[in-house]
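Let's take a walk through this fold, starting with its open space and ending with the overall build. Keep the model in view as you read.

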Amino acid sequence: ERTRGIMARGTTNASRGAVCECRASGRSVRSQALPRPCRSGPRRRRGVKVRAEGKLSDLTSVVESQQFDRGMLEDLFEVTKEMERIVEDGAECSLLAGKVMGTLFYEPSTRTRLSFETAMCRLGGKVVSTENAREFSSVAKGETLEDTVRTLEQYVDVIVLRHFQAGSARIAADAASVPLISAGDGPGQHPTQALLDIYTIQKEIGRIDETKVALVGDLANGRTARSLAYVLSKFDKVKLYFVAPDVVRINQDIKDHLTKNGCEWEEVNDLATVAAEVDVLYQTRIQKERFGDKPEDYEKAQGKYIVDKKLVTSMKKGAVVLHPLPRVGEITPEVDSDPRAAYFRQAKNGLYIRMALLTTLLKGN
């Protein structure tokens, strides 16, 4: 019997009873999580548990997509649905009252940073932030990432980090004694983006099993596509199409991972043909900042695959177009009014997913 989709499983341990304590008109939701005792001694170094053995409550930090198995995703999405209801109700939520989140961003961000900060505020917590840590932190004086993290954790309960080097999130999490969430590490991974992408696919399509997904654009440098491919490999009978210019094709390690996990994939050049077949078209921008001293390669890649009204019209009625944003011409504005254009709804789901992650890391299930 085929494994049922995420939302079809029904109530999980994460959704029995309430997620947080909030006040809304005629509605009360109460947390079953016990408050943590105050710490009188030094915090214990956590490190990162890459495999959490199917228990969301075992999660200590979020650095890569491989940390999540299917059961964990199902539990996380139940918490996420409750977060949606809290926001929609306009409830005053105090679940994370007294908690402080520090956002440490070494690269530019709009959606990720603001959605994390909004998530913390919605949950009753507070935020301290630097949006250009590469220039306006002690790294400019030569401080190491590990020392920056060890200093910041003296002031906050959770750290959200975006860095320009692949693998930096793991280094930082290994140094930290408080939960750390990767908001992207260079061309490496962007795990929370993958989580919100999968959640969006489930909401929009109604399933993840037996879907066809086209990943389009800069697949060599795009951390969002890499992370999404890892998560999609956990589901049944998913087929991935990789559509990319020659200079930014998907890396071999992703293809090897998919093959090892029995996930079908194919590299193709004709976007129009693939668009008519897939359930999800995941477009990404060509990342100019990753080309360094090879601007000629950027010119070869930029503008090769454009999603316009004509292309979207050829797609299935129930299909969706996703994009992690920002877009830089690879989806034309005329597509925005098409019901298949789900990228702004996708961005909104980022708030709910990040609320759920913060709740899980700071309060448990």
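A pocket here is an open set of points on a 1 Å grid over the protein atoms alone, where a 1.4 Å probe fits, with protein on both sides within 12 Å along at least five of seven lines; lining residues have an atom within 4 Å of a point. This is a predicted model, where local features need pLDDT of at least 70, side-chain atom pairs count only at pLDDT 80 or more, and totals for chains, interfaces and linings use all residues. Residues are numbered from 1 along each chain as its sequence is written, and side-chain values use heavy atoms, leaving out hydrogens and water.

So, the largest pocket: it holds about 520 Å³ of space. Its lining has 29 residues, with R162, R223, R285, L325 and P326 the closest to the centre. At least two lining residues each come from α2 (111-122), α5 (191-205), α6 (223-232) and α11 (343-363), and α11 gives the largest share, five residues.

Stepping back, 55% of the protein's 365 residues count as buried.

Technical notes: Grid points are joined across faces, edges and corners, and a volume is the space filled by probe spheres set on the points. Helices (H or I, at least four residues) and strands (E, at least two) are DSSP runs, numbered from the N terminus. Buried means under 20% relative accessible area, exposed over 50%, partly exposed in between (1.4 Å probe, protein chains only).
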